[in-house]
Structures are given as structure tokens and as C-alpha cells.
Amino acid sequence: MLRGPRHLLWASVPPAAALAAALLSSLVRCSLLEPRDPVATVLSPYFGTKTRYEDVNPGLLSGREAPWRDPELLEGACTPVQLVALIRHGTRYPTAKQIRKLRQLHGLLQARGPGDDAVGSAGSRDLGAALADWPLWYADWMDGQLVEKGRQDMRQLALRLASLFPTLFSQENYGRLQLITSSKHRCVDSGAAFLQGLWQHYHPGLPPPDVEDMECGPPKINDKLMRFFDHCEKFLAEVERNATALYHVEAFKTGPEMRNILQKVAATLKVPVNDLNADLIQVAFFTCSFDLAIKDIKSPWCDVFDIDDAKVLEYLNDLKQYWKRGYGYTINSRSSCTLFQDIFQHLDKAVEQKQRSQPVSSPVILQFGHAETLLPLLSLMGYFKDREPLTAYNYKEQMHRKFRSGHIVPYASNLVFVLYHCENAKTPEEEFRVQLLLNEKVLPLAHSQETVSLYEDLKNHYKDILQSCQTSEECELAKANSTSDEL
């Protein structure tokens, strides 16, 4: 059981005092939970892939189970007949690697000399001393696992989607749900939590059974789709295992923007600047985000940074995502062709079944993966592409960039394809239409900025990917003496 610092003293105080302490602790925590906390609000938009879903959808803070309906969603004569959703796992713990770095930083703070615990002008201890005493509650066993908040993310998303598309998520269709997942436990657990949310939708107030006992069964593991990057030799050789592939990330870590933050943090925490590096600074920033996302508290780690620091650290995170998962290298996105084609195979089958006046065999397909699953696919489709590549040297020029990972793939992010059948269509081509939603908002088409497309037009636009992108060829290692495709 995880305990705060005051809880450690309870065994030695009388019951009445313990109760008073509990009430005080509760009041303090309630103040930290306040969603309008100024520091949390200032830093929250800059946490990159560690961003809370509700920070991308602020309306959810007032009612996270209430279905907000985008006014651009089709209705009337057009009826949804299939939904294919690609969903990132919910809020998770830090990885063991991140926890070890945090432990290293915490050790530096605890190793400061006696004279470093100075008292400020207002009589308060300095921030370094406060952080040295702040409980380090993260443990190696947590290693990226889904937290209760992450399960809540999924349950609430299920309730909203089921309310938004009631005919697709009808109880009659429950047994025909098709779920697949990455093998990572945070994704498997996310799929299970989503099913529990649907159970709550169908049976309010009744506790859900084990996922294995549900009519639709548990999600099936399929890493070739959800972790396609692990199965692409070209990506593994040229990006994942290539020491120079993330050149711009490493160069930015030692650039002027990060040097300024290093010097500032060293002075604030009263530790030698040579004992710090960009990785430790980044893990301190992420610890602020983890404490906020997992425990709904604003920890002292947040006080280390201001909004200008946050923008620089967000850019550092976005550089990594850009060069490793986005437009930095062509193979990043082309490795996701199999997943893209799989989505359209589902849509094709639904169109064919409707044309034959047959029921759609899989009205809802739910796929649980990672930010690393969604970003390459969105890049493949042409979304969030800036005119100039993100580099270590154009931070100021990219202040208004489109590629901001926290606004694209926060925890629980979702890309949804909705296929509609439209009555009274003038031509067979106009009978089927498609809309895309990103994080429950209609996503305009990358090539036209329209909010809806005829299905055949969408297929024609992506004809090259659907017909010519063969994973076996795309992921085949290039022969010796080939040149890099760096942008």
C-alpha cells in the first residue's frame, strides 16, 4: 500500500489526533485535486506523451462519462454501420528505467551538504530540501503498468462511445465485438477495463464478471498489428538500433535551450550542474506529470519548472517522437501499412455485407495499442505534418508546430473510423461515407479538410498505401551502400 509522509506517523499518535490528521490530510489533498490549480494548468499542456486525456479534452473535467457530441458528426439519413477504433492504453506508471533515473536524482538531492538546506527569506526550506524529503513512492515493479486512473480512462471512454453510437454498441451486438490488443500488460488491462465500462453501460449497478466470462471474450493479442514496429527489420536496424538515428534529440539535449534549464535547475536545487544532465531534468519534469496523472496531486517537482522550461522539454519529447515514430524517417510510417490495410479490410467487408443486405458481422472493432502505434499511422495518413522538419536547431521556428505529441496521443488517445450507410443516395458511390474522430472530435481529412468523405473517394486517396505498400518489401533491409532517407 502506497502511503504519504504523514501516514508514517499515525501508529504513534492517539486515535483522536490521528483522525484530526486524516481530516487535515484530506482537506489538503482536496485542494491539490482542484482541476484549476494554476501550476498544474500551466504545465499540463506540455507533458507530451505523458499528457492526461482530459487536458486534451477539457470538457471531460466536468463530466467524464457524459457523451459530448461533435456537431460535425453525421446524423439523419446516414446511419453508422461499423466503428473501427485504435485506442492507446490509459494512464500508466513510469517505466522501471524512468524510476531508476528518478531514484538517481533523488539520491543527488539527499546527498547535498548540511549547508545546502538553507532557509528562504520567507522562512521556508528551499525546494531541493523539500524534494529530498518528498516520498519517492515509485517502485521497479510498477514498470509501465496500467494504474487505476488508466482503468477509469478506459471505462469512461467505453461509456461515452457507447452513448455516442448506441446502435453499434447495442446489447445485441455485444457478442459480436472484436477486440485485439498489444501483448503489453497495460494494453491488455486497458481492453479489459473498456469491456467493464461497456458492462456498466448495459447493466448499471451490477458488478461486471471476469472478462474471460463475458460474451465477447477477452481481447486477443496481435503484436503484428499493434506492435508492427517490433516486426519491421528495416525500422529496427535503421532507427531503433541505430545510434545516430536520433541525432537531433541528442544535439538538442546539449543545445543552448537545455543548457539554460540545466543551469537554472542546478541553482534551484543547489546541486552541482555537472551532476545533472538532460535525461535527469526530463525525468524530473515527467515526475510532475506522473504525480498529477496518477494521484491527482501537484508535487514539488512541478515547482522546479516554469512554462518556458515546459515548452523546451515538450519539444525535446516531440523531437524523439518525430524522428522515431513520425516523419523523421519514411520507414517509421510505412511500417504501419499492415495496420492501415487491416482497418480498410474491416470496412470493405462491412460495405460488402450491407450491399448484400446481410448484417455486419463485426459492427465494432476495438484495437488497443500504444502512442507508438498511433503516431506512425497518423503520419502515414498525412496528419500533423509541418512544412519544415523538427530539428535540434529550429526550436523557436517550431513554436507553433502541428506535431505536438501530447495533443495528438495523450493517454487513452483514440483514432476512430466510422462507416455510415446513407439512405436516399443518388449513386451507389454516395451510399457509404466515412468520418474520422481523433480523441472524440471529428478529424478533417488530411487531403481535403472536409469532415466527411465518400468511402470510395477515401480509398482512392490512399490507393498507394492500400495497394502498393507491402510490409515484406517495406521492412526488408536495404542492401549495402544504400543511402539514408532522412528528411
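The legends below walk through several close-up views of the structure shown above.

This is a predicted model, in which local features need pLDDT of at least 70 and side-chain atom pairs count only at pLDDT 80 or more, while totals for chains, interfaces and linings use all residues. Residues are numbered from 1 along each chain as its sequence is written, and side-chain values use heavy atoms, with hydrogens and water left out.

**View 1. The largest pocket holds about 1,100 Å³ of space.** A pocket here is an open set of points on a 1 Å grid over the protein atoms alone, with protein on both sides within 12 Å along at least five of seven lines; a cavity is a set where a 1.4 Å probe fits but cannot get out, and lining residues have an atom within 4 Å of a point. Grid points are joined across faces, edges and corners, and a volume is the space filled by probe spheres set on the points. The lining of the largest pocket numbers 40 residues, and Lys97, Gln98, Lys320, Lys324 and Glu372 lie nearest the centre. Two or more lining residues come from each of helix 4, helix 9 (233-240), helix 10 (247-253), helix 12, helix 13 and helix 16. Helices (H or I, at least four residues) and strands (E, at least two) are DSSP runs, numbered from the N terminus. Sorted by class, the lining of the largest pocket has 19 charged, twelve nonpolar and nine polar residues. In this sorting, Ala, Val, Leu, Ile, Met, Phe, Trp, Tyr, Cys and Pro are nonpolar, Asp, Glu, Lys and Arg are charged, and the others, Gly among them, are polar.

**View 2. Here is Lys324, a residue of helix 13 (residues 307-324).** Lys324 is buried, with a relative accessible area of 14%. Buried means under 20% relative accessible area, exposed over 50%, and partly exposed in between (1.4 Å probe, protein chains only). The side chains of Lys324 and Glu240 are joined by a polar contact of 3.4 Å. Such a contact is a pair of N or O atoms within 3.5 Å; within protein, one must be able to donate a hydrogen and the other to accept it, and residues adjacent in sequence count only if both atoms are side-chain atoms. Setting aside neighbours within four places in sequence, Lys324 is in contact (heavy atoms within 4.5 Å) with Phe235, Val239, Glu240, Leu246 and Asn332.

**View 3. The second largest cavity contains about 40 Å³ of space.** A search of the whole structure turns up two cavities of 30 Å³ or more. Among the residues lining the second largest cavity are Leu102, His106, Trp134, Thr287, Asp291 and Trp301. Helix 4 (96-110) and helix 12 (278-295) each give at least two residues to this lining, which divides into seven nonpolar, two polar and one charged.

**View 4. Tyr322 and Phe403 form an edge-to-face aromatic pair, 5.4 Å centre to centre with 90° between the planes.** Tyr322 lies in helix 13 and Phe403 in the loop between helix 16 (371-380) and helix 17 (405-408), so the pair ties together parts that are 81 residues apart in sequence. Rings of Phe, Tyr and Trp (its six-membered ring) pair if their centres lie within 6.5 Å; planes under 30 degrees apart count as stacked, over 60 as edge-to-face and the rest as tilted. Both partners are buried, Tyr322 at 3% relative accessible area and Phe403 at 1%. Elsewhere, ring pairs link Tyr93, Trp137, Tyr138, Trp141 and Phe290 into a cluster.

**View 5. Helix 16 is largely enclosed by the rest of the structure, because nine of its ten residues are buried.** Those buried residues include Ala371, Thr373, Leu374 and Pro376. Just after helix 16 comes Gly382, with a positive phi of about 90°.

**View 6. Val81 sits in strand 1 (residues 78-88).** Val81 is buried, with a relative accessible area of 10%. Although Val81 and His421 are 340 residues apart along the chain, their C-alpha atoms are separated by 6.4 Å. Not counting residues up to four places away in sequence, Val81 touches Leu168, Lys354, Val360, Pro363, Leu419, Tyr420 and His421.

**View 7. Lys270 has a positive phi of about 60° although it is not a glycine.** Most residues other than glycine have a negative phi. Lys270 belongs to the loop between helix 11 (256-269) and helix 12, and is partly exposed at 34% relative accessibility.
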